[in-house]
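Hello,

Here is the structure we spoke about handing over. Please look through it first, then read my notes below.

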Amino acid sequence: HAPYPGVMPVEPLPPASGRAAVPRPGERAASGRISGRAAVPVREYAEGYADDGRVPPGGPPARTGRPRRRWRRIAAVTAVVLVVGALLGIGGLLWYANDLDDNIKRTDAFQGIDPQERPVKPIEGTFNALILGSDSRDPEGTEGPYRADTIILLHVPADRSRAFLISIPRDLWVFIPPTPDGSQGGFEAKINAATAFGGVPLMVQTVENYTGVRIDHVILVDFAGFVEVTDALGGVEMDIEQTITSIHEPYRTFEAGRRKLNGEEALDYIRQRKQFPDGDFSRMRHQQQFLRALMDKATSTGTLTNPARLNAFLQTATRALTVDEDLSLLDAAMTFRNLRSDNLTFLTSPHAGTGTAGGQSVVFSDDERAAELYEAVRQDRLEPNPDAA
């Protein structure tokens, strides 16, 4: 069969221990180099000048080349002030990061999972996160069974050069491992049923079992909360592929073409699927488009140079997230700091179309191509594919 698009040809790999050392998130030391500082004129007084700096009668005396001790003291004090100012700036950044971190909810995403039953991670330094999206911010299921409407495997290579986002159809027919008490799971079902059966930990187990990829972190996205995120950015530009009328109130009409959407409009559009011939696959495609549009707007000059807009974006975005207990906001920032929309590659987990199983309409996995794709993720040899998604 033809290689899966975006996967490098298989070549013998050197042992993991022989790879070049890659700094882990948070370990990259600052160089301390200061560049771009404008030259500041310094007035130097030689012996014989008046205390107020005026030239004495008869003109200035010859310079001795020995600046006054007062200048030495001023220089020393100035250096101390600059260092203290820099430290205060760093302290302010840390305070701000901690303030943002307080907005984020935490969940024990790996509770009850036997470490011995999890996949081995053959390549160190990669970052694999499971992104789960829903209109509910209740991962513990206290408001009823939680089903993930969006399932994305995020892979960032060890060199941090780009990111791959692999959408997994929520109706994919897979094996759901049994829950620790054996009351649920242990049979095949739609993959999004895993969260309803055993919460986020069972979804982690299900995805790891299906892909063979070890999940480092879990990020739950409340798409309803992204209404505020989109509005904080001033809306997003999206390409509407065909004119449709929403099936949800207030039954908006989305005209084909490039349109600017506010938060409510964008959320409404990415929920639609029944009006498109490929159904739920169109919804995944539009979600990918929305995430790219958000990235474009968030990293645009108009956002990064506008402190008020940038703060509004960061505050609302962090309030829309729930993450595992070990994910550090600062470490994540270091991991994603160089990513822009043009170095994001969106893929869809290989499938063999739709059909019926267990009396339900489901999506069947293309196991052979899926195994090839996820082995490339495990071995950190995915390549950008312009034809993907």
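Which side chain does the side chain of Arg-118 join in a polar contact of 2.5 Å? The partner is Glu-208. A polar contact here is a pair of N or O atoms within 3.5 Å; within protein, one must be able to donate a hydrogen and the other to accept it, and residues adjacent in sequence count only if both atoms are side-chain atoms.

Some ground rules. This is a predicted model, where local features need pLDDT of at least 70 and side-chain atom pairs count only at pLDDT 80 or more, while totals for chains, interfaces and linings use all residues. Residues are numbered from 1 along each chain as its sequence is written, and side-chain values use heavy atoms, with hydrogens and water left out.

The overall picture

The protein has nine helices and 15 strands. Both are DSSP runs, numbered from the N terminus: helices are H or I with at least four residues, strands are E with at least two. Of the 389 residues, 41% are buried. Buried means under 20% relative accessible area, exposed means over 50%, and partly exposed lies in between (1.4 Å probe, protein chains only). Take the contacts with a separation of 6 or more: residues 24 or more positions apart account for 66% of them. A contact means heavy atoms within 4.5 Å.

Arg-118

Arg-118 sits in the loop between strand E1 (105-107) and strand E2 (127-134). Arg-118 counts as buried because its relative accessibility is 14%. A polar atom of its side chain lies 2.8 Å from the backbone oxygen of Ile-215. Beyond its neighbours within four places in sequence, Arg-118 touches Phe-110, Ile-113, Val-204, Glu-208, Arg-214 and Ile-215.

Helix H4

H4 covers residues 263-271. Its buried residues are Gly-263, Ala-266, Leu-267, Asp-268, Tyr-269 and Ile-270. They pack against several elements, among them helix H3 (226-232), strand E11 (257-261) and helix H5 (280-298). Asn-262 caps the N-terminal end of H4. One of its side-chain oxygens lies 3.2 Å from the backbone nitrogen of Glu-264.

Backbone points to check

- Glu-249 and Pro-250 are joined by a cis peptide bond, with omega about 5°. Pro-250 lies in the loop between strand E9 (244-245) and strand E10 (253-254).
- Tyr-251 is in the loop between E9 and E10. Its phi is positive, near 55°, and it is not a glycine. Tyr-251 is partly exposed because its relative accessible area is 47%.
- Asp-380 also has a positive phi, about 55°, without being a glycine. Asp-380 counts as buried because its relative accessibility is 16%.

Strand E14 (residues 351-357) and strand E15 (residues 360-365) pair in the antiparallel sense over five bridges. Strands pair if DSSP finds at least two bridges between them. Gly-355 has Val-362 in E15 as its bridge partner. The hairpin has two residues between its strands, and Gly-358 in the turn has a positive phi of about 60°.

One last residue group

What class of residue lines the second largest cavity? The lining has four nonpolar, two polar and three charged residues. Ala, Val, Leu, Ile, Met, Phe, Trp, Tyr, Cys and Pro count as nonpolar, Asp, Glu, Lys and Arg as charged, and the others, Gly among them, as polar.

Best wishes
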